[in-house]
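Dear colleague,

I am passing on the structure below, followed by notes on what was found in it. Please read the notes with the coordinates open beside you.

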Amino acid sequence: YKGHPMAKAGLELALWDLEGKMKQQPLWKIYGGTKQEILSGVSVGIQDTVNELIRRIEEFLSEGYGRIKIKIKPGWDVDVCRKLRQEFPDILLQADANGGYTIANIDILKNLDEFGLQMLEQPFPAYDLWDHSRLQKEMKTPICLDESADSAESVRKALEMGSCRIINIKVGRVGGILEAIKIHDLCYSREIPVWCGGMLESGIGRAHNLHLATLPNFKLHNDLSASKRYYKEDLIEPAIDITPQGTIRVPNDPGIGVNPVEDRIKKATIKREVFKF
């Protein structure tokens, strides 16, 4: 079937977990990972006021997160970044536009160069590789593609067009681990760093992301945070947590290395279907 990447990813991830359990190995070893702790960053949404945004960032910095990503949109961009840099002159800071701008906003986006951002993520819509390449030629800040990076083929075209200098890999968006590894390997061969983005996964999906992020070209902070960041009670044990050093340890037991808790899954389930073959 064409499309349906998240459905494909869900099935493929379950099979990878089974593979790891059958081989009695954690997935990071099967994938060829090179590290047992990954760098963790956090994404902060648009707040009602800049002061509220500053307060939220202070909370996350106190918890140990090593990189702060803020969401921006037209009218909530340059002035916000300026105030954050005044408040936090030394933090790793990146901005994510979620495709909210067009080439008509190029002068506004170019002003972001003055704030030393680690990257500007997805300024234009997913389909618009050409205008991303135009903007990247005029900005010092590296552009990172997120929604545009939906396959190894689209990433190849983006790199050949000069549309970005960084790629965000999301397993659900690209349709599974095999495609994610293709993108990783392609970027590694072109010396384009990658990082792993989150999609509000439960601990099951987040554990899969941790194993993927052990591959050698995941060189930047990942949007992978502690279970308590989003859930009062995650679906797994042990919960995923952040270390005082701002990292997350990769589970080392077979497969995804964490245990889904059946009772919690049943309690959270809205609909259930059984497929018989």
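In these notes, a residue is called buried if its relative accessible area is under 20%, exposed if over 50% and partly exposed in between, with a 1.4 Å probe and protein chains only. Helices (H or I, at least four residues) and strands (E, at least two) are DSSP runs, numbered from the N terminus. The model is predicted, so that local features need pLDDT of at least 70 and side-chain atom pairs count only at pLDDT 80 or more, whereas totals for chains, interfaces and linings use all residues. Residues are numbered from 1 along each chain as its sequence is written, and side-chain values use heavy atoms, with hydrogens and water left out.

Seven strands form an open sheet in the order 2-3-4-5-6-7-8, with parallel pairing, where two strands pair if DSSP finds at least two bridges between them. Strand 2 (42–44) and strand 8 (194–196) stand at the edges with a single partner strand each, so one side of each is left without a neighbour in the sheet. Strand 2 is joined to strand 3 by 3 bridges, and S43 has K69 of strand 3 as its bridge partner. Strand 3 (residues 67–71) is mostly covered, as 4 of its 5 residues are buried.

Next comes helix 6 (residues 129–138), whose buried residues are L129, D131, H132, S133, L135 and Q136. These pack against helix 5 (106–110), strand 5 (120–121), strand 6 (143–145) and helix 7 (152–161), contact meaning heavy atoms within 4.5 Å.

A nonpolar core is here a set of buried Ala, Val, Leu, Ile, Met, Phe, Trp, Tyr and Cys residues joined through side-chain atoms within 4.5 Å. The largest such core has 75 residues, and those with the most contacts inside it are I57, I68, I70, L84, L112, I167 and L212. Helix 9 (residues 177–189) gives the most to this core, with 6 residues. A second, separate core of 5 residues includes M119, C144, W195 and L220.

With kind regards
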